Amino acid sequence: MLTEQEKHKKELRARAMRLPLSPGVYLMHDKTGKIIYVGKAKALKNRVSQYFGSEKNHDDKVRRMVASVDTFEYILTDSEFEALVLECSLIKQYSPKYNILLKDDKGYHYIRVSSGPWPKISEAKQVADDGAEYIGPYVSSWSVKQSVDEALKIFRLPSCTRKFPQDIGKGRPCLNFYIKQCCAPCRGKISESEYREYVSEALEFLRGGSAKSVRALTERMDEAAENLEYERAARLRDRIAAIRKMSDRQKVVASRVKEQDVIALTQGTEKSCFEVFRFQNGRLCDRETFLMGETGKAKEARSEFLERYYSMRDRIPPRVSLDGPAENAELLSQWLTEKAGRKVTITVPQKGEQAQLVEMCRSNAAEQLAQKTGRTGREASALDELARLLGLPEPPAYIESYDISNLAGGENVAGMVVFENGRPLRSAYRKFKIRTVVGQDDYASMREVLSRRLEEYEKNRESGEGFGRLPDLILLDGGKGQISAVRPVLEEAGLPIPLFGMVKDDRHRTRAIAKDGGEIAISSNRSAFTLVSSIQEEVHRFAVGYHRQVRKKNSISSSLTAVEGIGPARAKALLKHFRTVAAVRNATTEELSAAPGMTKPAARKVYSAFHPEEPARTD
């Protein structure tokens with residue numbers, strides 16, 4: 001019996017199947033008539049009908065959107081390019097809930113110089129009627145902040161909240177004074193005129209740039225030296241050295257491509273982050289960060305982000321470098337070319353300087369996302385990198401890993417460890433005793449473990465916790481053989497869980513990731529390599545630890561079964577009752593006979609086995 005929602009979805013699919021195979025734009029409405037999503041399509045029938053078909057290939061964002069759709073409408077266009085232009089216009093007009101929407105906070109920014117005898121330099125978002133001097137406006141808040149920070153460090157000006165001259169001589173100087181990043185007027189060791197000279201030099205640096213500032217300071221240094229003002233000349237020399245050092249540091253973030261934007265995406269389980277590095281004259285001139293909710297598949301997210309971002313930017317560079325492929329990249333390049341009035345190329349660098357810039361941009365996106373989600377930048381970056389490496393639609397938030405442990409086929413056990421958001425989730429670890437496999441057959445043992453795990457899922461799926469939660473990724477300790485053995489178990493259960501193996505080298509260190517039909521090298525992917533290595537080491541440790549525990553228990557049990565009249569059942573019952581062999585050894589015959597399954601004759605034999613030279617104790 002179909003539910004009302006399923007019936008409605010079926011009706012929407014039937015309507016979608018009647019759409020033409022023409023390019024156009026479609027608009028999804030909710031029950032109130034509000035537009036919740038706008039999309040474009042090369043063939044409307046194919047694209048729109050996908051939403052109301054099987055949900056297997058849909059991510060959570062699409063599922064939520066489809067569940068909210070009451071009806072849809074469409075607009076035919078003459079080409080896919082026209083559909084793209086119309087889509088951008090409609091999204092700007094309606095701001096639909098399920099489209100990527102970016103907040104444009106690119107207002108003007110200023111450098112503020114406070115009034116009074118001891119002026120301070122800072123950044124400001126707007127001009128206030130406070131008697132201060134404002135330099136600007138500047139479009140980039142990032143460049144203003146960077147410039148102010150550099151000027152304060154180079155010219156050793158205070159960045160604290162202390163006010164001068166009121167706070168002169170009150171309290172000790174802060175750390176910046178001791179690391180030579182502040183002249184510390186609070187100490188009272190610098191005159192007002194000398195301080196104002198520092199401020200003047202800093203403003204000259206901010207207005208004219210480093211090259212002009214170096215030339216002016218060099219002239220003053222030479223003049224001071226000629227006038228035998230060696231102390232002042234030395235101070236100016238130090239200023240010049242500091243500016244050059246700062247300039248050398250900036251060269252690290254430089255590009256042979258004179259003008260371009262570098263864009264990277266990092267996806268989390270609930271949030272995503274786009275980072276944009278903007279280069280002009282081969283130097284990083286601006287940086288923007290966009291934190292947002294779930295963005296769906298990376299390829300589609302990049303395409304949608306490019307549309308939204310350049311819809312609200314007048315400056316479009318001749319080159320846009322991405323960290324991965326974008327859907328309809330050629331179409332987007334055509335749109336940007338028309339918008340910019342010159343050729344615009346979209347690329348995905350694979351090696352060299354450009355690939356390094358993209359990786360740096362992605363690392364910054366991961367760090368920003370980590371700060372928002374409470375993870376470390378390394379964890380966010382590792383999961384994102386692992387997803388790209390394995391071709392997963394999004395980073396695997398919940399990873400299960402399995403390993404088999406035995407000794408020549410004896411005491412056959414398995415361990416399961418769980419990593420959630422890149423960290424071990426020890427409360428979800430599980431141990432398995434192999435029941436159906438006799439001897440050493442790791443493939444059959446792994447099949448049994450995964451079959452039992454999926455059986456537990458069917459029993460507990462309503463809870464959504466523990467075994468009731470399916471992993472986003474399964475990693476087996478082993479190669480292609482293990483994958484081939486387990487794959488049929490997942491297929492039979494109808495669960496499309498990504499499955500890979502972890503391959504070790506001759507020194508038992510992680511070497512590669514095994515997949516169907518081959519291997520994926522991971523040594524060059526440092527974050528992913530560290531994560532996979534950690535998982536493999538942890539699951540091996542856990543499985544081997546459980547095996548040793550079982551082997552020890554069995555050896556203890558065998559010491560009891562060596563006693564005449566004590567079989568495996570009685571030995572197990574004694575250990576369960578007394579918990580340890582030491583407790584059995586210290587028990588009296590009366591206490592032994594009181595244990596489940598024991599008799600007085602058997603109790604006397606156990607006591608005699610542990611105390612051969614003593615009479616049986618009863619008290």
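Me: Let's start with Val320. Which residue stands opposite Val320 in E11?
Reply: That's Ile346. One thing to keep in mind as we go: this is a predicted model.

Me: Got it. How many bridges join E10 to E11, and which way do the two strands run?
Reply: Three bridges join them, and the strands run parallel. Strand E10 covers residues 319-322.

Me: What sheet do they belong to, and in what order do its strands come?
Reply: They are part of an open sheet of five strands, ordered E9-E8-E7-E10-E11, and the pairing is mixed.

Me: Which strands stand at the edges?
Reply: Those are strand E9 (283-293) and strand E11 (345-347). Each has a single partner strand, so one side of each is left without a neighbour in the sheet.

Me: And how much are neighbouring strands turned against each other?
Reply: By 15° on average, with direction ignored.

Me: What does H9 touch when it packs on the sheet?
Reply: H9 touches strand E7 (260-267), strand E8 (271-280), E9, E10 and E11. The direction of H9 makes about 135° with that of E7.

Me: Staying with H9, at what angle does it pack with H10?
Reply: About 10°, with the axes 11 Å apart. Helix H9 spans residues 298-311 and helix H10 spans residues 329-340. Angles under 35 degrees count as roughly parallel, and H9 and H10 are therefore roughly parallel to each other.

Me: Which residues make that contact between H9 and H10?
Reply: From H9 you have Ser303, Leu306, Glu307, Tyr310 and Ser311, and from H10 there are Leu332, Trp335, Leu336 and Lys339. By type, the contact of H9 with H10 has five nonpolar residues, two polar ones and two charged ones.

Me: New topic! How many salt bridges are there in the whole structure?
Reply: A search finds 25 of them.

Me: Which residue does Lys40 form a salt bridge with?
Reply: Glu87, with the closest N and O atoms 3.5 Å apart. That pair links distant parts of the chain: Lys40 lies in strand E2 (residues 35-41) and Glu87 in helix H4 (residues 80-94), 47 residues apart.

Me: Are Lys40 and Glu87 buried or exposed?
Reply: Both Lys40 and Glu87 are buried. They also belong to a network of salt bridges that links Lys40, Glu87, Glu307 and Arg308.

Me: Nice link! What about Arg469, which residue is its salt-bridge partner?
Reply: Glu420, and here the closest N and O atoms are 2.8 Å apart. Arg469 sits in the loop between helix H13 (442-460) and strand E16 (473-477), while Glu420 is in strand E13 (residues 410-420), 49 residues away in the chain.

Me: And how accessible is Arg469?
Reply: Arg469 counts as partly exposed, at 28% relative accessibility. Glu420 is partly exposed too, with a relative accessible area of 26%.

Me: One more pair, please. Where do Arg426 and Glu538 lie?
Reply: Arg426 is in the loop between strand E14 (423-424) and strand E15 (430-433), and Glu538 is in helix H15 (residues 526-561). Their side chains meet in a salt bridge, 3.9 Å from N to O.

Me: Why does Glu538 count as buried?
Reply: Because its relative accessibility is 11%, and buried means under 20%. Arg426, on the other hand, is exposed, with a relative accessible area of 54%.

Definitions and conventions. Residues are numbered from 1 along each chain as its sequence is written. This is a predicted model: local features need pLDDT of at least 70, side-chain atom pairs count only at pLDDT 80 or more; totals for chains, interfaces and linings use all residues. Side-chain values use heavy atoms; hydrogens and water are left out. A salt bridge is a side-chain nitrogen of Lys or Arg within 4 Å of a carboxyl oxygen of Asp or Glu. Helices (H or I, at least four residues) and strands (E, at least two) are DSSP runs, numbered from the N terminus. Buried means under 20% relative accessible area, exposed over 50%, partly exposed in between (1.4 Å probe, protein chains only). Axes are lines fitted to C-alpha atoms, for helices over the stretch in contact, and angles run from 0 to 180 degrees between N-to-C directions. Angles under 35 degrees count as roughly parallel, over 145 as roughly antiparallel, 65 to 115 as roughly perpendicular and the rest as oblique. Contact means heavy atoms within 4.5 Å. Ala, Val, Leu, Ile, Met, Phe, Trp, Tyr, Cys and Pro count as nonpolar, Asp, Glu, Lys and Arg as charged, and the others, Gly among them, as polar. Two strands pair if DSSP finds at least two bridges between them.
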